[in-house]
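These are my notebook entries from looking through one model. I kept them in the order in which I looked things up.

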Amino acid sequence: MSDAVVSAGSGPGPSVEKPLTHDELNDLFADPPGLWGQLTGVQNDKLGTRLMLTGFFFLLLGGSFDSVLMRLQLAVPENDLVSAELYNELFTNHGTVVMFLVILPIFEGFAILLLPLLLGTREMPFPRLGAFSYWTVLFGGLLYYSSTLFQLVPNAGWFAYTPLSGPTYSPDLALDFWVLGLGVAEVGAIAAAIEIIIGILKMRAPGMTLSRMPMFAWALLVFSFMILFAFTPLIIGSLLLELDRGFGTEFFNPAQGGSSLLWQHLFWIFGHPEVYIQFLPATGVVSMILPVFMRKRIVGYTWMVSALVAIGFLSFGLWAHHMFAVGLPPLVLSFFAAASMLIAVPAGVQFVGWLATIWAGRAVWKTPLFFVVGFLVIFVIGGITGVMVAAVPFDLQAHDSYFVVAHLHYVLLGGVAFPIFAGVYYWFPKFTGKMLDERLGRWNFWLLFVGVNVTFFPMHIAGLMGMPRRVYTYSRDAGWDTYNLISTIGVFVIVPGIAVFIWNVIRSIRRGEPAGNNPWGGDTLEWATTSPPSEHGWSVLPIVRSRHPMWDQDELHRGDERLERFVHGLAAWPLRWRAAVIVGTADARPQEVFRVADPSIWPLVTACGVVLIFIAELIKVRWVIAGAVLLVIVGAVGWNWPQEPPMTVEEEDAFEQEHGVAVNAGGSVVVATWGMGLGILFVGIAFASLLLSYFYLRLVNPAWPPPGIAEPGLIPPILGAAVLIVSGRVLFTALHRVRAGDQGGFIAALLGTLVLAIAGAGIQIRDLAALEFGGTTHAYGSIFFTLAGFLLVVWLAGAVMLSVALYWAIRGMYTTRRHATVANIARFWTAAVAYWVAGFGTLYLGPYLT
Amino acid sequence: MTDPQEPVPVSDGGRTAPGGTPYAVDVSRDRLARLTWVAFLGGPATWLAHFMLVYLVVEAGCSGSGPGLRLFNSPVPSTVTLVSTALAAVATLGFARWSYRSWAAGDGGPAADDATELSGPVADREHGGTMAFAGFLLSLFSFVAVLFLGLPALVLEC
């Protein structure tokens with residue numbers, strides 16, 4: 001127990017206790033020093049900061065440089081500063097970088113950096129997954145950007161519509177850089193999303209129920225689920241596009257049964273939620289900052305949470321409003337128009353909540369508040385023009401005009417960039433211990449506010465006058481020159497605004513005014529810790545009894561007596577390993593104490609394997625792919641290599657007996673189960689995307705299978721699926737055996753599962769090899785072999801897990817008490833068999849459904 | 001947090017087995033959490049399911065040319081849209097009623113989200129509270145959204 005306690009406090013609000021074990025805990029959670037520490041590091045502050053800096057680095061490359069050049073080109077009519085080809089590359093790069101490589105890493109960085117402090121926990125649930133996520137985002141971005149070194153910059157727009165992006169019209173490797181580079185970064189985005197979801201749902205301070213969670217955590221929760229559901233279809237779309245480009249499949253070739261609209265569907269199922277993926281965390285930042293600077297609790301917390309969730313759902317029913325002009329049936333148009341207009345309702349609810357908070361509060365005018373008010377002004381204009389383009393007749397007029405450019409920049413700059421600046425000004429003192437300069441902050445704000453409006457407002461008018469998007473120049477007679485010149489002048493107000501920000505950051509890090517723990521009088525938990533915080537954030541976990549603990553609680557570690565004993569007990573124990581706490585999802589009662597993963601080189605190795613797969617495909621040296629897949633498998637196995645639990649079962653039990661909370665020093669059962677659950681969901685979304693692609697292609701083909709291809713035989717797939725179903729049953733027998741302590745029966749059943757798995761897949765592969773058509777003859781063959789290949793990859797993942805589990809079972813690793821890995825593999829295998837049955841069922845029975 | 005001596009209900013995530021020996025795989029059982037989420041997300045999930053259903057049926061009936069799609073010819077798209085709209089509207093109202101009753105069944109004391117409540121149990125009550133009210137709001141909004149989406153089928157066939 002931490003009897004000897006010193007206050008670590010300065011600034012308003014309660015302070016944290018600093019027990020004598022503080023330094024010991026700090027060392028436990030710190031990464032190793034030096035270069036090795038940089039490569040193996042998993043500490044959340046480090047990863048979060050890196051993600052944000054990487055996003056900002058790509059912003060300077062793609063967001064700023066490209067836009068300045070484009071605006072210079074358009075400043076006057078018939079300008080020849082850049083060629084049409086270079087202009088195509090500039091707008092493609094600008095959109096791509098900002099949508100994939102800037103805002104997403106910045107907000108995921110915010111999340112990984114902030115959440116442990118904000119939620120009152122010591123780490124994120126999967127620190128190694130966080131590291132993997134960072135490396136893949138970085139490598140993906142660099143792979144994409146390396147196209148400039150080879151003069152192969154993608155030029156088909158950030159949406160890469162087929163057939164322009166297909167092999168016929170983009171035969172060189174430029175589009176492959178786009179597909180493959182971004183593919184790597186998308187993997188990283190999904191990995192971070194899984195980490196954030198579990199972090200928010202399962203790793204909060206005792207007492208921080210869902211209804212006491214800060215708005216930013218709610219926003220990040222919805223954001224992360226949206227990433228999972230939106231990015232996965234894009235990965236599948238990218239896979240199909242690369243197969244068309246590199247392997248000769250026919251997904252997007254209408255002459256061979258494909259459909260170019262299929263790409264648009266897959267892209268925009270990602271693309272529109274992506275806008276809200278960027279917007280929602282920004283609203284979370286606003287909802288954190290406004291109450292602090294208005295000295296007023298947020299008005300309508302429950303309504304705001306509901307609005308976030310409603311936006312999350314509705315955003316998945318909007319994608320075809322990007323396709324109003326492609327000839328969809330009128331009833332379909334009405335569905336998407338209705339959903340597009342409806343989303344203004346929850347956005348409006350949030351707006352009313354913010355305005356009411358301002359109305360009821362008393363403003364403290366500091367830079368973060370300036371940016372929030374700037375956000376409100378600019379975003380509302382972008383929101384209103386958004387409702388305008390949701391109306392089909394208006395959209396048919398404004399489609400692909402500068403009106404849409406104005407709309408989206410008002411939304412993304414006002415709705416996203418301003419809150420990011422507000423968030424940096426707000427939280428910078430916490431993580432550096434220095435205040436950003438207020439005077440420079442005002443310059444920063446006003447230059448950006450004026451610059452953004454001067455640049456983008458005239459685009460509304462130019463668009464309504466008929467100026468189309470993505471043109472590298474325009475005629476003198478068009479009458480658009482004045483508006484374009486004003487827009488270009490506006491960019492030269494924005495650029496010094498960003499320069500002032502960079503200077504402010506550099507200057508303040510070197511000689512900024514020291515920040516106390518809580519320089520703004522903030523209400524949430526992060527302001528209780530020191531600035532900068534220790535590596536582990538919390539020695540004694542806080543006990544939360546209010547939504548605004550820093551305002552409402554006199555002490556942060558007071559509460560139910562048993563809970564108090566628990567948090568103090570954990571501050572003094574175990575001190576040999578990195579202990580963190582899992583809580584009940586809804587009630588935030590401590591549920592498990594577990595060992596958080598420590599620094600490791602394997603996430604970097606795995607990320608290298610992933611990027612190598614994509615590079616090998618890019619340069620078409622395909623034998624390297626096999627080696628890279630092996631590297632991924634080796635990396636993943638090393639990453640999850642079991643470690644001897646640093647505590648005996650008796651020691652675990654002693655703590656549980658005293659505090660009533662289960663201990664798993666070998667690694668968490670709960671977060672592993674959740675991680676596997678979300679992994680299964682990810683595979684399921686990918687599978688659903690392929691199934692939808694199958695049915696879409698079937699929908700547009702008058703004959704299925706096409707003439708000349710017979711319906712496939714049913715016996716082999718039924719036999720193969722039956723054997724796999726039996727293998728799933730045998731795996732559950734293995735699980736029962738290990739629970740019963742029967743090691744012999746357990747190993748035999750595990751071995752039986754593996755043998756049956758190989759037999760079932762073997763039957764299916766033999767049948768696939770004997771089919772009379774291939775993957776390149778028609779879209780039918782393309783989707784047939786792609787879906788079958790996907791199911792075999794899922795099977796392979798399960799088979800690798802089973803093999804590793806069998807190895808460890810023979811080594812005696814699993815016991816009655818510690819066998820969570822086997823249970824998780826059983827879950828995955830059950831899902832894999834279910835996907836197998838549904839997938840091959842569709843492929844083989846589909847042709848008979850006529 | 002439970003007393004070690006007290007029998008632990010299976011559905012509680014607090015501990016894993018009577019006597020304090022964790023069965024690793026059972027820790028995550030958390031019935032309360034599941035129910036909370038169902039009531040909270042039921043409305044919008046119904047909206048999304050309804051949306052996907054009517055979109056796919058209308059796409060199949062109005063723009064599809066594949067074999068067997070005669071089944072979806074007019075007036076099937078508009079009929080399916082209207083019938084499923086009615087069913088989804090009833091379902092969202094059902095979720096609204098469930099959430100409202102959960103919220104109203106609270107003990108009348110300060111809600112768990114009331115910032116002034118500093119004493120009392122750490123956990124949310126089983127009934128009531130922010131999540132239930134948010135579920136109520138979301139369900140009502142989903143009801144409006146379902147109708148807004150489906151009613152054009154009264155005048156459009158395809």
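Predicted model: local features only at pLDDT ≥ 70, side-chain atom pairs only at ≥ 80, totals over all residues.

Residues are numbered from 1 along each chain as its sequence is written, and chains are lettered from A and ligands numbered from 1 in the order in which they are written.

Entry: chain B.
I looked up burial in chain B and found that 45% of its 158 residues count as buried. I took helices (H or I, at least four residues) and strands (E, at least two) as DSSP runs, numbered from the N terminus. On that basis chain B has three helices and zero strands, and its pattern along the sequence reads α-α-α. For contacts I required that the C-beta atoms of two residues, placed from the backbone, lie within 7 Å. Of the contacts in chain B with a separation of 6 or more, 62% are between residues 24 or more positions apart.

Entry: where the chains touch.
I sorted residues by class, with Ala, Val, Leu, Ile, Met, Phe, Trp, Tyr, Cys and Pro as nonpolar, Asp, Glu, Lys and Arg as charged, and the others, Gly among them, as polar.

I counted two strands as paired if DSSP finds at least two bridges between them. Three strands of chain A form an open sheet in the order S3-S4-S5, with mixed pairing. S3 and S5 of chain A are the edge strands, each pairing on one side only. The twist from one strand to the next averages 25 degrees; axes are lines fitted to C-alpha atoms, for helices over the stretch in contact, and angles run from 0 to 180 degrees between N-to-C directions.

S3(A) and S4(A) are antiparallel and share five bridges. Along this pair, Ala580(A) is opposite Phe594(A), and Val583(A) is opposite Pro590(A). Their hairpin has six residues between the strands, and in it Ala588(A) takes a positive phi near 60 degrees. S4(A) and S5(A) pair in the parallel sense over three bridges, with Val593(A) opposite Val663(A).

Is S3(A) buried or exposed on its two faces? Both are covered: Ala579(A), Val581(A) and Val583(A) are buried on one side, and Ala580(A) and Ile582(A) on the other. In S4(A), six of its six residues are buried.

Entry: two helix pairs in chain A.
I called angles under 35 degrees roughly parallel, over 145 roughly antiparallel, 65 to 115 roughly perpendicular and the rest oblique. The axes of helix H12 (residues 367-390) and helix H14 (residues 402-432) of chain A come within 8 Å and cross at roughly 160 degrees. H12(A) is therefore roughly antiparallel to H14(A). Their contact has 19 nonpolar, eight polar and no charged residues.

For helix H7 (residues 215-247) of chain A and H9(A), the axes come within 10 Å and cross at roughly 10 degrees. H7(A) is therefore roughly parallel to H9(A). The residues that meet include Trp218(A) and Phe225(A) in H7(A), and Leu308(A) and Gly312(A) in H9(A).

Entry: one residue, Leu262(A).
Leu262(A) is in helix H8 (residues 260-294) of chain A. Why does Leu262(A) count as buried? Leu262(A) is buried because 23 other C-beta atoms lie within 10 Å. Leaving aside neighbours within four places in sequence, its contacts are Phe251(A), Phe252(A), Ser693(A), Tyr696(A) and Leu697(A).

Methods:
Buried ≥ 20, exposed ≤ 12 C-beta atoms within 10 Å, placed from the backbone.
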